[in-house]
Amino acid sequence: MKGLVIALLYLLAAFSSAWAASAPKIKQLKVTTANNKLSITIDYSNGVLIKQLTLNGQDLLSPSGIYTSFTLPSGKNFSSMDGKTATIKQSGEKIIIENIAYGNDSLRLIETWIFSKTRNKIRWTIQRRYSNDAKLDDTAFPKWSFANLTTWKGGILDNGGMIWCKYLKGTNDTYGVHTGGVTFWNMNSNDGLRITAQAKLNEIATRYSHSPQNEFTVNHLVTDAALQQRYNLSRFVAGKAEVFAPFTVHKGITTVSYDLACINYPKEYSRGSLTAIDSISVRELLNTTARYGVVDNSIVGGNGWLSNWKCLHEPFFAQIALAVDDSNYTRNLSKSLDREQRLAILPNGRVLSRWHDVPGDEIPGTYNKKTGYYEAVWGYTIDSQTGYVITTCEQFDLVGDRAWLGSHKQTCEKALDWLIARDSNHNDIYEMMNKGIGDKKSSDWLDIVWASFENAFVNAQLYQALKLWADCEKVLGDNPKSRYYQRLASRLKIAFNKPVEEGGFWSETKGQYSYWRDSDGSIHGDNLVTPVNFAAIAFGLCDDPRRIGIILDKIEQRMQNEHLFHWPLCFDSFKKDEVSEGNWPFPRYENGDIFPSWGYLGINAYTKYKTPIAIKYLHQLLQQYQKDGLSSQRYDRSTQLGLGDDILSGICTSITALYKDIYGIRPKWNRMGLEPNIDSSLNGAAFDYQLRGTRYHVLLDKDAYQLSAKNFSINSSESFGASQTGRTLRYYHLNNDSCTLTFTAAAAKPINLRLTEWSANLLVFSVGNTSNITIKGLQPNHYYHVSIDNATHKLATSADGSLAIKSAESITPSNKRSLFSITKVP
């Protein structure tokens with residue numbers, strides 16, 4: 001018996017040895033960054049794929065891993081997992097996998113994968129050789145399969161947009177975009193994975209999808225030419241894994257590189273210390289809802305990629321760019337305006353109102369299948385004229401590029417002149433294309449409200465457009481045009497503010513601005529329409545303190561009565577013949593529901609009146625974001641629950657107003673500007689802001705503002721602007737061009753300025769590290785006493801009101817501040 005057991009053991013050992021010899025050997029390589037935060041595991045046991053991608057010890061991939069592939073028109077698919085002849089070699093710090101061959105007789109690929117690493121990055125370069133020209137239905141260059149839809153909250157794209165994983169609800173829901181870089185983040189771990197794509201000689205596109213295996217997949221495509229859409233102009237398609245049309249590849253080599261890096265997401269996208277404001281919700285709202293309006297390269301709007309829509313009749317895109325503070329978003333918005341200039345503006349200056357991926361929403365005959373631009377079926381929405389001009393002007397202040405602004409000069413003038421020509425009764429109020437409610441057509445953003453003829457909302461936006469464009473004409477050196485548009489704005493303001501009985505829009509009996517006047521003289525929209533009344537105040541048409549108080553106190557009382565978290569479009573009902581049936585019964589849709597897209601006007605208006613009220617509605621909007629991500633078109637007036645499939649990115653505008661109107665971030669084309677309107681509850685707010693390559697640090701208290709950068713620091717109790725070139729610092733009092741201080745640094749060290757007072761007769765400041773000072777904005781040809789510490793000089797201004805304090809009189813050491821007092825001689 002013992003001998004039998006021994007014999008069986010020998011037999012078992014022999015069998016195990018034979019099985020081990022015949023089993024495939026596991027062949028793997030691991031590449032890890034020097035800081036050990038990121039690693040990838042490459043499996044080349046049976047073909048080649050990246051089996052694991054580990055971030056801070058957590059593997060992020062599904063079993064599908066990361067691989068390359070292509071699909072022929074026949075549907076036949078080949079992948080790097082078919083590349084069983086691959087060879088491995090090491091060259092210095094590089095790992096090279098060669099001869100990854102796959103395909104068939106119609107097309108064969110041979111790829112080389114090259115991996116290198118630094119302290120915090122892994123670079124993966126793919127060199128693909130095509131054996132011949134061929135038509136492909138698809139390619140993976142590569143395809144990344146993450147474990148599921150919760151691996152990441154979303155990804156920030158390098159065109160300023162974002163992918164929000166929760167929006168890929170159904171199997172094969174897919175979003176495709178013409179860019180390759182992305183930064184994914186996870187809110188629970190605070191981990192971020194940044195993928196930077198580089199293909200210098202080719203185009204890169206990416207599609208993001210919910211796979212049948214419940215994975216979150218990211219598929220890069222690298223092609224010779226920009227890919228076309230497979231279905232109409234759709235960037236998002238529901239239930240379909242493909243969004244891009246088939247394409248041609250050519251014999252030869254195509255190369256792409258991906259830099260992978262682990263980032264600290266909260267640190268990388270920090271919004272600073274926002275006293276009494278939920279900075280995390282601000283960060284998340286601006287990284288999700290605000291960015292979601294980027295449909296693709298050159299299509300940046302306030303709707304979003306789920307609906308494949310952009311409304312050109314919205315004026316707040318540059319304000320979103322200001323708050324998002326991402327050069328990629330800002331750059332893409334410029335390209336979007338350039339594209340609209342070419343494709344959406346008719347030769348006569350008419351600005352088409354919308355972009356959509358498919359026809360069906362257009363006035364018959366106006367939809368362009370190649371470009372996607374058209375006139376909305378509900379009527380000619382005239383605020384697309386003003387939306388284009390306002391956005392262009394505000395974008396110019398962000399980019400500071402006079403050549404770019406000049407390229408839009410003729411188009412902006414045409415857009416304005418098209419509307420200016422519409423004043424048949426010469427009363428300085430400009431007219432819509434519909435005459436009255438009987439036309440049953442709209443004329444602005446409220447597209448199923450029959451606002452007609454003389455529309456206060458459109459005219460308020462025109463006033464803002466005229467003011468802004470007049471300033472731009474001045475920058476471009478066209479002073480006659482600047483004066484022309486400013487004159488029109490002044491006349492419009494006078495006409496707008498007249499009582500309704502005298503042809504204006506102010507209703508003394510109702511204590512509000514009415515919405516519109518039909519051509520027969522009848523007044524409509526006196527049901528406290530919030531965008532109309534907020535716009536009148538926010539854009540400066542209404543500067544009468546009494547009227548402002550009447551309007552805003554009335555609105556706030558109504559808000560308290562109903563306990564609403566944000567402002568509805570109107571408080572009382574339109575008349576039934578003033579709206580489409582889709583707005584009935586009240587409150588319903590544009591007849592009383594809550595549309596936060598115009599919230600920035602309300603924040604601006606209350607900031608000028610009672611700042612705590614503005615701050616209250618900021619808090620409430622952020623609380624709503626925490627509940628539902630503001631993933632709605634609007635909110636039901638009665639239940640305050642989100643409604644509407646057309647999720648609007650523009651719903652974020654109240655938070656953009658936090659930056660522009662409360663923190664006072666007001667860049668100008670040639671400087672950074674700070675015009676805060678905060679109360680003491682926000683004291684101590686501190687954050688960084690980037691503008692045109694310079695990182696500024698902002699520190700705010702009520703009536704005490706500080707702006708600093710690498711080579712200067714300014715403290716003031718009033719608004720100001722600042723620019724620095726080399727050793728020259730220029731301070732703009734109240735952020736205006738008319739009053740400036742210019743300093744030349746005495747040494748290659750920061751200039752530290754504290755402005756104490758600038759009034760009609762007295763200027764007081766202290767400064768260190770300066771050798772020359774020039775003051776602009778004083779009384780021309782007049783004497784001033786200039787006191788520097790304990791020494792006093794009597795100096796005269798020049799004919800342009802400037803005063804030069806020469807180095808012998810003003811040099812201050814870098815480690816000491818000198819006190820300057822400039823007093824006007826009686």
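This is a predicted model: local features need pLDDT of at least 70, side-chain atom pairs count only at pLDDT 80 or more; totals for chains, interfaces and linings use all residues.
Figure 1. Helices (H or I, at least four residues) and strands (E, at least two) are DSSP runs numbered from the N terminus, and two strands are said to pair if DSSP finds at least two bridges between them. Within this pairing, Trp-124 has Tyr-258 of S22 as its bridge partner. Strand S9 (residues 107–117) is joined to strand S10 (residues 121–130) by nine bridges, and these two strands run antiparallel. S9 and S10 form a hairpin in which three residues lie between the strands, and Leu-109 has Tyr-130 of S10 as its bridge partner.

**Figure 2. The whole chain.** The chain holds 16 helices and 48 strands. Its radius of gyration, taken over C-alpha atoms and compared with a globule rule of 2.2 Å times the number of residues to the power 0.38, is 31 Å, close to the 28 Å that the rule gives for 826 residues, so the chain is as compact as a globular protein of that length. Along the principal axes, the C-alpha atoms fill a box of roughly 120 × 75 × 55 Å. Buried residues, meaning those under 20% relative accessible area with a 1.4 Å probe and protein chains only, make up 59% of the 826 residues. Of the contacts (heavy atoms within 4.5 Å) with a separation of 6 or more, 61% are between residues 24 or more positions apart. Residues are numbered from 1 along each chain as its sequence is written. Local features need pLDDT of at least 70, side-chain atom pairs count only at pLDDT 80 or more, and totals for chains, interfaces and linings use all residues, while side-chain values use heavy atoms, with hydrogens and water left out.

Figure 3. Ten of the ten residues of helix H15 (residues 653–662) are buried, so the helix is largely enclosed by the rest of the structure. Among these buried residues are Ile-655, Leu-658, Tyr-659, Lys-660 and Asp-661. What covers them includes helix H3 (279–287), helix H4 (317–324), helix H6 (383–399), helix H13 (599–607), helix H14 (611–628) and strand S36 (685–691). H15 is followed by Gly-664, which has a positive phi, near 75°.

Figure 4. Strand S42 (residues 740–745) is mostly covered, five of its six residues being buried. Strand S41 (residues 728–733) runs antiparallel to S42 and is joined to it by five bridges, with Tyr-731 standing opposite Leu-741 in S42. S41 and S42 form a hairpin with six residues between them, and Leu-734 in the turn has a positive phi of about 60°. S42 also pairs with strand S44 (residues 762–776) in the antiparallel sense, over six bridges, and here Thr-744 stands opposite Asn-772 in S44.

**Figure 5. An open sheet of three strands.** The strand order of this sheet is S25-S26-S27, with antiparallel pairing. Strand S25 (309–311) and strand S27 (373–374) are the edge strands, each pairing on one side only. Strand S26 (residues 354–356) pairs with S27 in the antiparallel sense over two bridges, and Arg-354 stands opposite Tyr-374 in S27.

Methods: Buried means under 20% relative accessible area, exposed over 50%, partly exposed in between (1.4 Å probe, protein chains only).
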